[in-house]
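Keep the sequence and the structure side by side as you read.

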Amino acid sequence: MITNLDDASAIERLSAEIRAWDPAFDVVRPPADALLYEPDGTLYALALQAPMTAEFNRRTRELRPGDLLIVPQSVPVGIEPTVDLLGIRFEGQPPDHFRERFIQVWGYDYVPAAETGTTAPEDDLRFPVRRSIVSVCDAPERLAGSTGHDRRLVIVLEGRINVEAVDDDRSSVELGPRDALLTDGAVELAARGSGRLAI
């Protein structure tokens with residue numbers, strides 16, 4: 001399933017597809033002028049393209065494309081000047097370090113894109129949503145898979161990238177900035193082109 005992240009009806013279809021796979025997960029696009037606030041679960045919010053600043057308890061943090069905010073249930077985080085995030089809501093058990101003192105001091109977890117390749121929270125079992133950042137140059141880049149029980153959302157942060165199933169040369173799709181591809185986690189993928197992906 002291919003989705004443009006600026007198309008509200010496409011986001012609804014993507015969300016329905018993910019809820020059908022597991023009703024504890026949902027995909028949301030917060031409005032551009034919204035306070036980042038999730039009353040029903042933990043929000044995993046991926047920064048897309050626009051420059052943003054997150055603010056909680058008078059502490060600010062600059063956000064870059066691919067950065068990940070993990071916001072506990074019912075904790076308000078201000079985003080300025082406009083919200084440009086893709087959120088994955090998880091209504092199950094929150095991460096065990098989201099205790100009262102952590103929330104009072106920090107408000108949310110922050111995983112910068114600069115610390116990734118295949119790094120946290122990808123290998124951190126506290127989080128049911130994992131994120132990695134992949135830079136794609138002209139040579140084919142294999143995208144790590146997992147199992148058939150998982151789903152993988154490939155999001156183009158910048159550039160134009162062809163994504164194809166490794167075992168099937170005919171199943172190639174071209175994605176541009178703000179496009180996303182939802183696949184089965186077990187399908188082995190390769191990416192060609194130039195740009196950056198969030199997975």
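**A walk through the strands and pockets**

A polar contact of 3.1 Å links the side chain of Thr53 to that of Glu62. Keep in mind that the model is predicted. Thr53 sits in strand β4, which covers residues 52–56. Leaving aside residues up to four places away in sequence, Thr53 touches Thr60, Arg61, Glu62, Gly78, Ile79 and Glu80.

Three strands make an open sheet in the order β5-β4-β7, and the pairing is antiparallel. β5 and β7 (78–80) are the edge strands, each with a single partner, so one side of each has no neighbour in the sheet. From one strand to the next, the twist averages 25°. β4 and β7 pair over 3 bridges in the antiparallel sense. Within that pairing, Thr53 stands opposite Glu80 in β7. Glu80 is also one of the residues that Thr53 touches.

Move on to another sheet. This open sheet has 5 strands, in the order β2-β8-β3-β6-β9, again with antiparallel pairing. Its edges are β2 (25–28) and β9, and each has a single partner strand, so one side of each is left without a neighbour in the sheet. Neighbouring strands here are turned by 20° against each other on average, direction ignored.

Strand β6, residues 68–71, pairs with β9 in the antiparallel sense over 3 bridges. Ile70 has Asp109 in β9 as its bridge partner. Helix α1 lies across β2 and β8. α1 runs at about 170° to β2.

In a regular strand, side chains alternate between the two faces of the sheet. Bear that in mind while tracing any strand by eye.

Next comes β12. Which strands pair with β12? One is β14 (residues 179–184), which pairs with β12 (residues 151–165) in the antiparallel sense over 5 bridges. There, Val154 stands opposite Leu181 in β14. Another is β15 (residues 189–198), joined to β12 by 10 bridges and also running antiparallel. In that pairing, Ile161 has Gly193 in β15 as its bridge partner.

At least two residues each come from α1 (8–21), β3 (42–47), β8 (85–90), β11 (141–143) and β12. By class, the lining of the largest pocket holds 18 nonpolar, 6 polar and 8 charged residues.

The second largest pocket has a volume of about 170 Å³. Its lining has 10 residues, and Arg61, Trp106, Tyr108, Asp109 and Tyr110 lie nearest the centre. Two or more lining residues come from each of β4, β5 (59–63) and β9 (109–111). β5 gives the most, with 3 residues. The classes in this lining are 6 nonpolar, 1 polar and 3 charged.

Some names now return. Arg61, near the centre of the second largest pocket, is among the residues that Thr53 touches. Asp109 is also one of the residues nearest that centre, and Asp109 is the bridge partner of Ile70. Strand β4 holds Thr53, and β4 also gives residues to the lining of the second largest pocket.

Notes: Residues numbered from 1 in each chain as written. Predicted model: local features only at pLDDT ≥ 70, side-chain atom pairs only at ≥ 80, totals over all residues. Heavy atoms only, no water. Pairing = 2+ DSSP bridges. Helix = DSSP H or I, 4+ residues; strand = E, 2+ residues; numbered from the N terminus. Polar contact = N/O pair within 3.5 Å; in protein donor to acceptor, adjacent residues only side chain to side chain. Contact = heavy atoms within 4.5 Å. Nonpolar A, V, L, I, M, F, W, Y, C, P; charged D, E, K, R; others polar. 1 Å grid on protein atoms, 1.4 Å probe; cavity = no way out; pocket = protein on both sides within 12 Å on 5 of 7 lines; lining within 4 Å. Points joined across faces, edges and corners; volume = space filled by probe spheres on them. Axes fitted to C-alpha atoms, helices over the stretch in contact; angles between N-to-C directions.
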